[in-house]
Amino acid sequence: MSANKLNVVLIRPTNYNEHGYVARSGWTFMPSSALIHIKSLTPPRIGECDITVTTIDEHTQVDLSYLEDFKRKSGSETLVACVAVQSREFQRALDLCAFAKEHGAHAVIGGPHAMSCFTTEFHGRGVSFALAEAEEAWLPILNDVIHGGLEPVYGKGQRLAKTLNSPVLIPPSSQALRRKFGIIGIASARGCPRNCTYCSVPEIAGSRLRSESVDTIIKSLQAAKKAGARMIMFTADNANLDPTFKELMIAMSDEKINLPFFVQCEATIERQGSLVELMAKAGCWQIFIGAESFDRATLLAHGKSQNNPEKYGEILRLFREYKILAHFSNMIGFENQTEKDILEHLDKLLCIGPEVASFYILTPVPGTPDCELFLDNDLITQPANLDRFDGTWCVWEHPHIAKERLRELEFYCYQKFFEFRRTCRT
């Protein structure tokens, strides 16, 4: 017998901290484009069944009252979908789904961990898994819940959508927007053709870059602005490789979107001055660059051949010409590094002086080539504690630096980079 009403709860889980509590730091204010994307993919009605959608981002919702939404209501079905689940959030997702099942709801987990890692030990045990992008798996999941129950696995045959034909996004509620300081995440493209060994994006989203429709993105931006958004984060991994991104920048200017935005580009952008100019006119205020290291040999060893540290200064000069802030990502704890090497890296970073920096400990994230290599060499010391695979812990046996010392060095880098006098000068 088919259900007449379906309550869908989309939740982006967080991870547990060292005390076993839910952690809400580090990634807290990164907006999730997946929540509003999947909400926008959900029809209001399938057949005779009315569908309502609730979105929850555990990174910012600090009370647990939303757990009441996980319980099946009389006269309807409830589906709890943990979306965009990274490896560090997987244990929390399992616990949330177990709670939902205990209270009569259906439960499914999707996102990077399910798509890039072996989860077969959990299949057929009550919680379903989406191994494909939402375009391939979401409607079959909804239909199955309405007509009786979920299959153990979805998306085995076709993991990636061949083309992107997303709907215009439904913006978050005003309350959800306030929690994120008015920031909305929009995925302008998916996939990455690069082969960085520490990155799982090609495994998750494919090595072929697929672009969203410029017209759809413009309409989504207009809807976001009308809803009260104050800033946009384009969640493409390398926007400057997207062949339609230039067209998008022109359209944003022509349509007078007038929303400041943050975007990630790769280091080859120093050769794309005309694109940077268009980005500035369209409202770009900050660009995230995966600089990672000043040592070319280290970058090559990890497949990041597109980076030339000698060009980092040119990137900064280009951005400053158009009054765009440079945000450099830095990775510490490469296999060949000593503490002295890390401090020298920090000195070089301070010398060239990007306006913003973030620091991460080299982490063999499940689903990456690094993870396979480190496992083969018995280097990973916390394989069962996925909550620690978030770039702020050393989860493997470094040959030159103790795990605790690497964590101290990460905090030291933040402290030195953002010390008061330097930040004021910037």
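In which sense, left-handed or right-handed, does α8 pass α9? In this predicted model, where local features need pLDDT of at least 70, side-chain atom pairs count only at pLDDT 80 or more, and totals for chains, interfaces and linings use all residues, α8 passes α9 in a left-handed crossing, meaning that the near helix is turned anticlockwise from the far one by less than a right angle. Residues are numbered from 1 along each chain as its sequence is written, and side-chain values use heavy atoms, with hydrogens and water left out.

**Helix pair**
- The axes (lines fitted to C-alpha atoms, for helices over the stretch in contact, with angles from 0 to 180 degrees between N-to-C directions) of α8 (residues 245-254) and α9 (residues 273-282) come within 8 Å and cross at roughly 30°; helices are DSSP runs of H or I with at least four residues, and strands are E runs of at least two, numbered from the N terminus.
- In contact, which means heavy atoms within 4.5 Å, F245, K246, M249, I250, M252 and S253 of α8 meet L275, L278, M279, K281 and A282 of α9.

**Sheet**
- Six strands form an open sheet with parallel pairing, in the order β10-β13-β14-β15-β16-β17, where two strands pair if DSSP finds at least two bridges between them.
- β10 (183-186) and β17 (356-361) stand at the edges with a single partner strand each, so one side of each has no neighbour in the sheet.
- Strand β16 (residues 325-332) runs parallel to β17 and is joined to β17 by six bridges, with I332 standing opposite I361 in β17.
- Helix α11 (residues 312-321) packs on the sheet, touching β15 (284-292) and β16, and its direction makes about 155° with that of β16.
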